[in-house]
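Me: I have a protein chain to look at. Please take me through the labels and the rules behind them.

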Amino acid sequence: MLSIGQGDISHGLEAVPVRLEEGVEPPDFKYTPENVVGPGAGLDPTEVMFPGCRCQTTPCSGFTCQCLHHGDNYEHRFLKVDEATGVTSRPIFECNVMCTCGELCPNRVVQWGLQTHLLLFRTERKGLGVRSLARIRKGQFVCEYAGEVLGLHEARRRISQQQPSDSNYLIAVREHLHSGQVMETFIDPANTGNIGRFLNHSCSPNLVMVPVRVDSMVPKLALFAAQDIQAGEELCYDYSGRFQNFTGSVKGQEESAKVRVPQKPCHCGAKSCSGSLPYEADLYHGSCEEDSGPGVA
């Protein structure tokens, strides 16, 4: 039986309370349910940047809605994925505050925030972790990985100041555009973040991270269930951005000798465990005057 304490570490900022396991001290950080602008950020994640659709008489769909010109994102509010890979490769844009489709639109999922009851608990070897208090179905949105949106210089500065024993929450997301450009997003929930900051890495994860845009070009890093998850099961994702080796790429491990970054051991316990946590090597190149942790490509 799960030992659930009282209180809500989100302090009422989420649609449902985030519980703390009995006997676990509340962590010291500022809770935010969504991304906030941080030092060096090129874009404000709260700025409305998209015009919105004009769907009123028919539900938003890939046939009619301009927010869905890449195709439908959800089926009955569950993420649509490629059955062969278990992930989605299409850019996801949800309907936004400028759209006329209304709150019941099926293309509004991540923007409503946390809807699943989660528990912050103490693991045996990985520090704090997150469990679901209810069954989660495959494709269901679980939570966002939210924090301060940073510029590259600030991201490198923060990395350079970390000690080997420090936990690194900073995540680097690189999206390859049709134009050939690469859009970079750096999010750090170390001081200001949400429940997503406590999700542990697994080399065989039950969650997959997907960039989802609503009002801003700054993506929400949405975590969806990659499989059916039972109540009480720990929730994990792959810090490298891969999912079952189908997507993503990380430059870290093969460059560890070059950049001399001490790798942290992985305690996920999966049969496919690589033995060490992924990290983003590019953030360790050079010093903060010139210009490990999760890194999603």
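Me: How many disulfides does the rule give?
Reply: The count is 0. A disulfide is a pair of cysteine sulfur atoms within 2.5 Å. Cys268 is in no disulfide, and its nearest cysteine sulfur, in Cys266, lies 3.6 Å away. This is a predicted model: local features need pLDDT of at least 70, side-chain atom pairs count only at pLDDT 80 or more, and totals for chains, interfaces and linings use all residues. Residues are numbered from 1 along each chain as its sequence is written, and side-chain values use heavy atoms, without hydrogens and water.

Me: What makes Cys268 buried and Cys273 partly exposed?
Reply: Buried means under 20% relative accessible area, exposed over 50%, and partly exposed in between (1.4 Å probe, protein chains only). Cys268 has 17%, so it counts as buried. Cys273 has 29%, so it is partly exposed.

Me: Why is Asn73 called buried?
Reply: Its relative accessibility is 2%, so Asn73 counts as buried. Buried residues make up 50% of the 297 residues in the chain.

Me: What does the side chain of Asn73 have at 3.1 Å?
Reply: The backbone oxygen of Phe93 lies 3.1 Å from a polar atom of that side chain. Beyond its neighbours within four places in sequence, Asn73 is in contact (heavy atoms within 4.5 Å) with residues including Leu68, Phe78, Ile92 and Asn107.

Technical notes: A polar contact is a pair of N or O atoms within 3.5 Å; within protein, one must be able to donate a hydrogen and the other to accept it, and residues adjacent in sequence count only if both atoms are side-chain atoms.
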